Amino acid sequence: MGEYDRKRDFTRTPEPPGGKGPAPAGETEPAGGFPRFVVQEHHASHLHWDLRLEMDGTLKSWAVPKGPPLVKGVRRLAMQVEDHPLDYIDFEGIIPEGNYGAGTVSIWDKGHYALAVNKPDKMIEFAALGQKMQGGYVLVHTRENQWLLMKTAGGEGKDGR
Ligand SMILES: [Mn+2]
């Protein structure tokens, strides 16, 4: 959690501290079988949606400026950001002015996902089992911190984005 903790002053933000980092291997299996995901709508200096996947004892995280696609074939830019602690999966609140990511955070969608393919730093394919995100998705690493998030299959989303 080095980068996560370095960016934040936990006396000034309501966000959860990162603590000691990911749990050791073997202690990271999600209790219910499927790992969890969350999408947080973040009204920071620029509105974006943060997609976080529970993986390897941490939350792998991407900022998606236009939000996750809900229609098959639609691709959205997703900028990978620092891993967030598992406790962040329930975070909602106001990050005060002057702090990293200042603005309002609310949960836009949450649920579980089924991992289909994981090629580290290259591609992650999964089926989302959320309220808004449902069905097949793929994250493809393009360059530096840039990935593409594409909806590949499954139920069309409720708001048609
Ligand atoms: Mn954010």
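Me: Is His48 buried or exposed?

Reply: His48 is buried, with a relative accessible area of 15%. The model is predicted, and the values discussed here are computed from it. A residue counts as buried when its relative accessible area is under 20% and as exposed when that area is over 50%. His48 therefore falls in the buried class, at 15%.

Me: Where are His46 and His84 found?

Reply: His46 belongs to the loop between strand 1 and strand 2, and His84 belongs to strand 4. His46 counts as exposed, at 63% relative accessibility, whereas His84 is buried, with a relative accessible area of 3%. A polar atom of the His84 side chain lies 2.8 Å from the backbone oxygen of Glu82. As for His46, its C-alpha atom is separated by 9.5 Å from that of Gly103, although the two residues are 57 apart along the chain.

Me: What volume of space lies in the largest pocket, and which residues are the closest to its centre?

Reply: Rolling a probe the size of a water molecule over the atoms shows where empty space is left. In this model, the largest pocket holds about 210 Å³ of space. Fifteen residues line the largest pocket, and the closest to its centre are His42, His48, Asp50, Val81 and Tyr100. Strand 2 and strand 4 are the elements that give two or more residues to this lining. Among the lining residues, six are nonpolar, four polar and five charged.

Me: How many salt bridges does a search of the whole structure find?

Reply: A salt bridge is read from a distance: a side-chain nitrogen of Lys or Arg must lie within 4 Å of a carboxyl oxygen of Asp or Glu. The search finds nine of them. One joins Glu15 to Arg8, with the closest N and O atoms 3.2 Å apart. Both partners are buried: Glu15 has a relative accessible area of 4%, and Arg8 one of 10%.

Me: Which parts of the chain does the pair of Arg36 and Glu54 link?

Reply: The side chains of Arg36 and Glu54 meet in a salt bridge at 3.2 Å, N to O. The pair links distant parts of the chain, Arg36 lying in strand 1 and Glu54 in strand 2, 18 residues apart. Arg36 is partly exposed at 30%, whereas Glu54 is buried at 8%.

Me: At what N to O distance do the side chains of Asp90 and Lys110 meet?

Reply: They meet in a salt bridge at 3.4 Å. Asp90 lies in the loop between strand 4 and strand 5, and Lys110 lies in strand 6, 20 residues apart. Lys110 is partly exposed, with a relative accessible area of 41%. Salt bridges with shared partners join Glu3, Lys7, Arg8, Glu15 and Glu82 into one network.

How values were computed:
Residues numbered from 1 in each chain as written. Predicted model: local features only at pLDDT ≥ 70, side-chain atom pairs only at ≥ 80, totals over all residues. Heavy atoms only, no water. Buried < 20%, exposed > 50% of the residue type's maximum accessible area, 1.4 Å probe, protein only. Helix = DSSP H or I, 4+ residues; strand = E, 2+ residues; numbered from the N terminus. Polar contact = N/O pair within 3.5 Å; in protein donor to acceptor, adjacent residues only side chain to side chain. 1 Å grid on protein atoms, 1.4 Å probe; cavity = no way out; pocket = protein on both sides within 12 Å on 5 of 7 lines; lining within 4 Å. Points joined across faces, edges and corners; volume = space filled by probe spheres on them. Nonpolar A, V, L, I, M, F, W, Y, C, P; charged D, E, K, R; others polar.
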